[in-house]
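Work through the exercises below with the model open. Try each task before reading its solution.

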Amino acid sequence: MTIKPLIILPDPLLRQQSKPIEQVDAEITRLADDMLDTMYDAPGIGLAAIQIGVPRRMLVIDISREDEDRKPVVFINPEILNVSDDVSAYEEGCLSIPDYYAEVERPASLTVAYIDRDGKQQTVEADGLLATCLQHEMDHLNGVLFIDHISRLKRDMVIKKFTKAARAKV
């Protein structure tokens, strides 16, 4: 298992659509392990494969608290089956947009179908933090960032800041 470098805004890879995973094999389970190691090291509660430069439809989540046992979940080819009409707002952050947080409104609950790390079809009913985290990470699979859900002015300021910082590193 390896901690992978994170892809940071404004890297265009973050805007790429991820491709479905054909089968769960040793390569995919190794990728899941690397993603979990990377997420825990960051530290974060969710990570999409594209955030470590792998444009595949997979994400990992662990919303357990620091004082609890870890409860990692691997979502392969996740698909939203339905969402609630109710919305909730959470202050979101992203490992690919370090140290920036903004309140984002999303459906309060949803149902997601996915394949687990053992290759079995699963369905989860999610609300609260899990619902928000799932939607945030699934957005990554479609090239969408949480800043796309805030005002254009704020989004443009964030992109400008990260673009300037990336240029300074070159």
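**Exercise 1. A glutamine in a helix**

Is Gln135 buried or exposed? Work from its relative accessible area, and keep in mind that the model is predicted.

Solution. 
- Step 1: Gln135 lies in helix α2.
- Step 2: Take the relative accessible area of Gln135, which is 6%.
- Step 3: Apply the cut-off. Buried means under 20%, so Gln135 is buried at 6%.
- Step 4: List the contacts beyond four places in sequence. Gln135 touches Arg106, Pro107 and Leu110.
- Step 5: The Gln135 side chain reaches the backbone oxygen of Pro107 at 3.0 Å.

**Exercise 2. A glutamate in a helix**

Which residues is Glu137 in contact with, leaving aside its neighbours within four places in sequence?

Solution. 
- Step 1: Locate Glu137. Its place is in helix α2, residues 128-141.
- Step 2: Read off the contacts. They are Gly46, Leu47, Ala48, Gln51, Leu59 and Ile61.
- Step 3: Compare sequence and space for one pair. Glu137 and Tyr114 are 23 residues apart in sequence, and their C-alpha atoms are 13 Å apart.

**Exercise 3. Strand β6 and its partners**

How many bridges join β6 to strand β7? Trace the pairing of β6 with β3 as well.

Solution. 
- Step 1: Find the strands. β6 spans residues 109-115, and β7 spans residues 121-127.
- Step 2: Count toward β7. Seven bridges join β6 to β7, and the two run antiparallel. Thr111 has Glu125 in β7 as its bridge partner.
- Step 3: Follow the turn. β6 and β7 form a hairpin with five residues between them. Gly119 in that turn has a positive phi of about 85°.
- Step 4: Count toward β3. β3 and β6 pair antiparallel over five bridges. Val83 stands opposite Leu110 in β6.
- Step 5: Check cover. Six of the seven residues of β6 are buried.

**Exercise 4. The nonpolar cores**

Which residues touch the most other members of the largest nonpolar core?

Solution. 
- Step 1: Name them. Among 17 core residues, they are Met35, Leu47, Met58, Val60, Val74 and Ile76.
- Step 2: Assign elements. α1 (26-41), β2 (58-61) and β3 (73-83) each give two or more residues. The largest share, seven residues, comes from α1.
- Step 3: Separate the second core. This core has 16 residues, including Ile50, Ile61, Leu130 and Cys133.
- Step 4: In soluble globular proteins, nonpolar side chains tend to be buried together.

Key. Residues numbered from 1 in each chain as written. Predicted model: local features only at pLDDT ≥ 70, side-chain atom pairs only at ≥ 80, totals over all residues. Heavy atoms only, no water. Helix = DSSP H or I, 4+ residues; strand = E, 2+ residues; numbered from the N terminus. Contact = heavy atoms within 4.5 Å. Core = buried A, V, L, I, M, F, W, Y, C linked by side-chain atoms within 4.5 Å. Buried < 20%, exposed > 50% of the residue type's maximum accessible area, 1.4 Å probe, protein only. Pairing = 2+ DSSP bridges. Polar contact = N/O pair within 3.5 Å; in protein donor to acceptor, adjacent residues only side chain to side chain.
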